[in-house]
Amino acid sequence: MENKKSDFSSWYNEIIDLSGLSDKRYPIKGMNVWLPYGLKVMKGIDRIIRDNVDISGFQEVQFPVLITRDQLSIEFEHVKGFENEVYWVTRGGREPLEVEMALRPTSEAAMYGMFQLWVRAHTDLPLKIYQIVSVYRYETKHTRTFIRIREIHFFEAHTAHTDYDSAEKQMVEYRQIWDQISSELCLPFVVDQRPDWDKFPGAMYTLAFDTAMPGGRSLQIGTIHQYGENFSRNYGIEYLKEDGTHSYVSQTTFGLSERLLAAVIGIHGDDTGLIFPPSIAPVQIVIIPIPSEGADTDSYCSRVSQILSAEGFRVHIDNRDNYTPGFKFNEWEMKGVPLRIEIGGREVRDNKITMRLRTGGDRIKCRIDDLPSEASRALASLKEELRRRAFEHFERSIEDGNSLEIMKKGETMFRFYWCGSKECSDRIEGETGKTVLGMQKENENKGKCLICGKDGRVATASTPY
Ligand SMILES: [Zn+2]
């Protein structure tokens, strides 16, 4: 396999093929086939997202994939932001359609006409819904599996509130939900407020969660948007207040995609292959029998599997007899299974278990009676180790950009002081080739702008995917 550090791009493509996550031989560029193993991992990520938004009072919905041209054209600057990326459906059978329809590039236009019907009084608010569906963008740049594609596996939450302050509270709740999700996936990130010229089309402001991929490029893995009344005024989403007057709702959204999977692959994987956090691993524990004279390893494996399954672990016994244990070790390591149990004659004889974590270290031995608790402990320590490695990598991936020269030469992300002006951003981008991702929302430090010397705050720049 390719070396992850020296050629991340090749490593990434190769590991996706080898581990059976996705097949990109489908004859449409940027539309890949989710293979069973990959889909299981993605469903695991979706499960974490659902659990966290459900508990916060969101309701799941599913809107149609088609949006009429009329629905889209209401959208002022929002539609301009997408018009070069929209797929159009222009015919039904042989007949041209009277009204052209778009495949949703995102669902504001699909949803907000319905919001206008649903929201009547202040008692209908807050309205908090989400869906996990495919959205479509006619991507013209170079496509890359799970990172830049034309059919996107998309989570989108949409809310409506009585006023801007309530919508701001929703932004805080999104941030807390994101903490839970990113923590389950052991992903580090920085929160950048996108510059006005780079925010989501139609938003008041956009906060993005940016992480660092191996090789130094950044990857936007989530965004939350404050819309204020920008959309509700265009779609006429009004409600009756207690005092008898009408008011427009304030709105927010939260978007995630399979880029989360891309980040998990890139950040946690190593030269041996993938490493999945236990929460999303399709197989958390693989049991591999090591055939041994006079020992019934098969029935012992079944017993171990039953004990673990009963405790809720996702377990698989690899009892294929045409492969050696060594071959199986390699294969499951490559597929990122967090914990391996090896069962040979000695284990059967002594009623013991031998385990090994995908992150390395010594073999762990325990009695079969202690198995569930020892396996839990082992998986928890693997998660801790993944987090430690990921955060250490992230620390190394953002350097101080004290001069344009440093930022030009460096292959990492950079932090630097910036006044917020377009002029200074243009100069930084022009001279370094990096993109200004925005001010770091949660960093209070103040300093002089790298370019103009005026008062500034900490900003991030990088080469984004
Ligand atoms: Zn400046």
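The model is predicted: local features need pLDDT of at least 70, side-chain atom pairs count only at pLDDT 80 or more, and totals for chains, interfaces and linings use all residues. Residues are numbered from 1 along each chain as its sequence is written.

**Exercise 1.** Determine whether the end-to-end distance of helix 12 agrees with its number of residues.

*Solution.* Helices are DSSP runs of H or I with at least four residues, numbered from the N terminus. Helix 12 covers residues 371-397, which is 27 residues. The expected span is 1.5 Å times one less than the number of residues. This gives 39 Å, and the end C-alpha atoms are 39 Å apart, so the two agree.

**Exercise 2.** Explain why Phe200 counts as buried, and list its contacts.

*Solution.* A residue is buried if 20 or more other C-beta atoms, placed from the backbone, lie within 10 Å of its own. Phe200 has 21 such atoms within 10 Å and is therefore buried. Contact requires C-beta atoms, placed from the backbone, within 7 Å. Neighbours within four places in sequence aside, Phe200 contacts Thr206, Thr223 and His225. By contrast, Val315 lies 115 residues from Phe200 in sequence and 42 Å from it in space, C-alpha to C-alpha.

**Exercise 3.** State how far apart the centres of domain 1 and domain 2 lie.

*Solution.* An automatic or database assignment supplies the domain bounds. Domain 1 spans 8-268, domain 2 spans 285-381 and domain 3 spans 398-462. Taken over C-alpha atoms, the centres of domain 1 and domain 2 are 40 Å apart.

Technical notes: Helices (H or I, at least four residues) and strands (E, at least two) are DSSP runs, numbered from the N terminus. A residue is buried if 20 or more other C-beta atoms lie within 10 Å of its own, exposed if 12 or fewer, and partly exposed in between; C-beta atoms are placed from the backbone. Two residues are in contact if their C-beta atoms, placed from the backbone, lie within 7 Å.
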